[in-house]
Amino acid sequence: MTSHISLTRYLIEQQREAGKIPAQLRLLLEVVARACKRISLTVNKGALGSVLGSAGSENVQGEVQKKLDIIANEVLIEANEWGGHLAAMASEEMDAIYVVPNRFPKGEYLLLFDPLDGSSNIDVNVSIGTIFSVLKMPEDDRGVDEGDFLQPGRQQVAAGYCIYGPQTVLVLTVGDGVAMFTLDREQGSFVLTEEKLRIPEDTKEFAINMSNMRHWAPPVRRYIDECLQGKDGPRGKDFNMRWVASMVADVHRILVRGGIFMYPWDKREPNKPGKLRLMYEANPMAWLVEQAGGAATNGQQRILDIQPSQLHERVSVILGSKNEVERVTSYHTAL
Ligand code: AHG
Ligand code: MN
Ligand code: MN
Ligand code: MN
């Protein structure tokens, strides 16, 4: 393990070395990390903190909100609204963008987040997390509106997640590889425990919700059928399957030991490309995976090249070990 380098020191070194990140971005990332620490403490209370169960409301996605969806959202808003580094925020749990009160000079960044990913796992004590993405505010003298957020994922200046599991781990990229920081609860600080992560280009482990099999398009059916045939089939090797139903947990496993994750188009909702949201789930995860040597497509193109048209738009996601993602994508483009 790298000698006890704190997140603060790591970010200062990223800022100092060839100006990889400006001071305002470093401050923003420190604020987001502190907010994730607060969310982790709240998550860990569970039934003791009356934070479990449904909030009885619905979000813009048409999902019933859990209490922790709303609590995590409020923690991130409150932590970020006074620092002066943000122009506005967008969240899975908010219909419209949140423009930071203009009592400061307009901040130069836009923060997008999924405050609580894996909500269906909250009440059953399975790993969940927070996903975040940072974009630059377009330089102009007009106010900030939703259109400023509609930038392709390759424009991100920082992306990451915090997974609330047996350990609380913050995973981050600012374009110089992927680093992992484990929360030291005694000190209350995130400590660098991995950096320059590399995803193996091949894998024997796929992650997909198999109960949707009959609804998939042919290329996905073909890929999974070949995996299920194991060493007697065209792949010549047996595969294992994992599905946590928290994207943060499935992606974390892939960053640590490889694998392929898929949430593909499904004929039950033919007009939706998939379940997952582009701006605050697929884009940050796609950049992390690419920064670790993996690949991320929607079956047709690189996720980071998709030009968004709506803040909450959905996307089909295939990401992870490069050679596997390229194989599935080739089955789509071969059609
Ligand atoms: P969220 O809890 O933020 O709405 O996201 C849940 C997502 C993602 O985390 C996970 O991969 C997927 O939903 C699981 O979907 P199924 O429950 O359909 O398997
Ligand atoms: Mn949700
Ligand atoms: Mn999510
Ligand atoms: Mn969520």
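**Close-up views of a predicted metal-bound model**

**View 1. Manganese ion (ligand 4) and its donors.** Along the chain, the donors of the manganese ion (ligand 4) follow the spacing E-x21-D-x1-L. Here donors are N, O and S atoms within 2.8 Å of the metal (3.2 Å for Na, K and Ca), and since water is not among the atoms, sites may look incomplete. Glu92 (OE), Asp114 (OD) and Leu116 (O) coordinate this manganese ion (ligand 4) at 2.1 to 2.3 Å. Glu92 sits in the loop between strand S3 (86-91) and strand S4 (98-99), while Leu116 belongs to strand S5 (residues 109-117), so the pair ties together parts that are 24 residues apart in sequence. Helices (H or I, at least four residues) and strands (E, at least two) are DSSP runs, numbered from the N terminus.

A word on conventions: this is a predicted model, in which local features need pLDDT of at least 70 and side-chain atom pairs count only at pLDDT 80 or more, whereas totals for chains, interfaces and linings use all residues. Residues are numbered from 1 along each chain as its sequence is written, chains are lettered from A and ligands numbered from 1 in the order in which they are written, and side-chain values use heavy atoms, leaving out hydrogens and water.

**View 2. Glu92 as a bridge between manganese ions.** Glu92 bridges the manganese ion (ligand 4) and the manganese ion (ligand 2), which lie 3.6 Å apart. The manganese ion (ligand 2) is coordinated by Glu63 (OE) and Glu92 (OE), at 2.0 to 2.2 Å. Glu63 lies in the loop between strand S1 (54-58) and strand S2 (64-66) and Glu92 in the loop between S3 and S4, so this pair ties together parts that are 29 residues apart in sequence. Glu92 counts as buried at 3% relative accessibility, and Glu63 counts as partly exposed at 22%. Buried means under 20% relative accessible area, exposed over 50%, and partly exposed in between (1.4 Å probe, protein chains only). The manganese ion (ligand 3) is 5.3 Å from the manganese ion (ligand 2).

**View 3. The surroundings of ligand 1.** Of the 18 residues around ligand 1, Asp117, Gly118, Ser119, Met247 and Tyr263 come nearest; a residue is near if one of its heavy atoms lies within 4 Å. An oxygen atom of ligand 1 is 3.0 Å from an N or O atom in the side chain of Glu92, and an oxygen atom of ligand 1 is 2.9 Å from an N or O atom in the side chain of Trp243. The protein covers 88% of the 470 Å² of accessible area that ligand 1 has on its own (Shrake-Rupley method, 1.4 Å probe).

**View 4. The largest nonpolar core and helix H6.** The largest nonpolar core has 48 residues, and those with the most contacts inside it include Phe149, Tyr161 and Phe261. Such a core is a set of buried Ala, Val, Leu, Ile, Met, Phe, Trp, Tyr and Cys residues joined through side-chain atoms within 4.5 Å. Helix H6 (residues 278-291) gives the most to this core, with 9 residues. Domain 1 (7-195) and domain 2 (205-333) both give residues to this core, so it lies between them; the bounds come from an automatic or database domain assignment. In H6, 13 of the 14 residues are buried, so the helix is largely enclosed by the rest of the structure. Just after H6, Gly293 takes a positive phi of about 85°.

Technical notes:
Polar contact = N/O pair within 3.5 Å; in protein donor to acceptor, adjacent residues only side chain to side chain.
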